[in-house]
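I opened this notebook to record what I looked up in one structure. The entries follow the order in which I examined the features.

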Amino acid sequence: MQHERLLKVLVIGDLGVGKTSIIKRYVHQVFSHHYRATIGVDFALKVLNWDHKTVVRLQLWDIAGQERYGNMTRVYYREAVGALVVFDMTRLSTFQAILKWKGDLDSKVALNNGRPVPAVLLANKCDQRCHGLCPKLPKLEKFSRDCGFVGWYETSAKDNTNIDAAITCLVKNIMSVDEEGASNGTTAKAEPEGQKHSDDSIHTSLIMPFSISPQFLISLLLLGLSVVLSGSLYPWVLRYVCIGCCQPFAVLAESEALAGMV
């Protein structure tokens, strides 16, 4: 029986960088030059047979480019486990906005362990390389690593370049984070089990000195009686109490000595 996973992945970046085109290409294998600007948020679903045990339902959330300046991104980002951060290789301003988008992402959503969600950087519209900014861009390998991205790709929704590879990279990182979390969870559960015997020994060592035997109870009773009773009645009471004890005469002798001191 296959296990199903639902992964919410954000697709973010400035207006017009090609986020919707990337999603349409990946999910529906289509491309159009005529897309309207996304208003608010849109999303698409892609089902992946990840392996023989796992089916991944990938939710791609297309966040409008202008949403970074609003207050709704916190709502849209909720429960996301990964992100594609997109810029347009032909527009320098969209590249300069990458750090703002990444900072916005990291400030509003995180993994259960507090670490940032995995994010892949997409340098989109590489089919327009002749009009692009390649000479002006920094070395993206170092840039993406320094900025906390798990990888980067030059992509083209028009030519279907590296779209599948980029999203596969992201899903792999998300799944590896889940496996790491599951492993840590198993370890965390196993450690108390492994410590059970040592904890029991500590618990026993703390309790054993205070275990109560019948003789100890009798001694306590005799001590109480020594405060209340005195004189000749005391030995007779002691004889009555000590009947059936394993050492009645020794207790009686000790009690008579105590009575003589009272």
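**Entry 1. An aromatic cluster**

I began with F95 in this predicted model, and I found that F95 is buried, with a relative accessible area of 10%. I then asked which helix holds F95 and which holds F143. F95 lies in helix α3 (residues 92–96) and F143 in helix α5 (residues 140–146), so their pairing ties together parts that are 48 residues apart in sequence. The two rings form a tilted aromatic pair, with 5.0 Å from centre to centre and 40° between the planes. Like F95, F143 is buried.

I counted three aromatic pairs by the ring rule. The rings of F87 and F95 also pair: their centres are 5.0 Å apart and their planes stand at 65°, so I noted this pair as edge-to-face, a label that needs planes over 60 degrees apart. F87 has 0% relative accessibility and therefore counts as buried, the limit being under 20%. I recorded F87, F95 and F143 as one aromatic cluster.

**Entry 2. Charges over rings**

I next looked for charged side chains placed over aromatic rings. K46 lies over the face of Y26, 4.8 Å from the ring centre. I found a further case at F149, where the charged end of K102 sits over the ring at 5.5 Å from its centre.

**Entry 3. Helix α1**

The buried residues are K19, T20, S21, I22, I23, R25, Y26 and V27. Just after α1, I noted that Q29 takes a positive phi of about 60°.

**Entry 4. Helix α4**

Which residues of α4 (residues 98–108) are buried? I listed I98, W101, K102, D104, L105 and K108. Seen down the axis of α4, these buried residues fall within an arc of 160°, so they line one face of the helix. I recalled that an α-helix has 3.6 residues a turn, so residues three or four places apart point the same way. I also checked what the buried residues of α4 pack against: the partners are β1 (3–13), α2, β4, α3, β5 (119–124) and α5.

**Entry 5. Positive phi angles**

I kept in mind that most residues other than glycine have a negative phi. E79 is not a glycine, yet it has a positive phi of about 70°. I located E79 in the loop between α2 (73–77) and β4 (82–88). E79 is exposed, with a relative accessible area of 68%.

N160, also other than glycine, has a positive phi near 60°. I found N160 in the loop between β6 (151–154) and α6 (163–194). N160 is partly exposed, with a relative accessible area of 30%.

**Entry 6. Two buried polar residues**

I stayed with the loop between β6 and α6, where T155 is also found. T155 counts as buried, at 0% relative accessibility. What does the side chain of T155 make a polar contact with? Its partner is the side chain of N124, at 2.9 Å. Leaving out residues up to four places away in sequence, T155 touches several others, including I22, L122, K125, C126 and I163.

I then turned to Q59, which is placed in strand β3 (residues 54–63). Q59 has 18% relative accessibility and counts as buried. A polar contact of 2.9 Å joins its side chain to that of W61. Beyond residues up to four places away in sequence, Q59 touches L6, L7, K8, V9, F43, A44 and L45.

**Entry 7. Confidence**

I ended with the confidence values. The mean pLDDT of the chain is 76, and 64% of its residues reach 70 or more. Where is confidence lowest, and where is it highest? It is lowest in helix α7 (residues 196–207), at a mean of 37, and highest in β4, at 97. Over residues 186–211 the pLDDT is below 50, and this stretch has zero contacts in the model beyond near neighbours in sequence. Residues 240–255 also have a pLDDT below 50, but I noted 13 contacts for that stretch beyond near neighbours in sequence. Where pLDDT is low, the predicted coordinates should not be read in detail.

Key:
Residues are numbered from 1 along each chain as its sequence is written. This is a predicted model: local features need pLDDT of at least 70, side-chain atom pairs count only at pLDDT 80 or more; totals for chains, interfaces and linings use all residues. Side-chain values use heavy atoms; hydrogens and water are left out. Rings of Phe, Tyr and Trp (its six-membered ring) pair if their centres lie within 6.5 Å; planes under 30 degrees apart count as stacked, over 60 as edge-to-face and the rest as tilted. Buried means under 20% relative accessible area, exposed over 50%, partly exposed in between (1.4 Å probe, protein chains only). Helices (H or I, at least four residues) and strands (E, at least two) are DSSP runs, numbered from the N terminus. A charge sits over a ring if NZ of Lys or CZ of Arg is within 6 Å of the ring centre and within 35 degrees of the ring normal. A polar contact is a pair of N or O atoms within 3.5 Å; within protein, one must be able to donate a hydrogen and the other to accept it, and residues adjacent in sequence count only if both atoms are side-chain atoms. Contact means heavy atoms within 4.5 Å. The arc is that of the directions from the helix axis to the C-beta atoms. pLDDT is the predictor's confidence in each residue, from 0 to 100.
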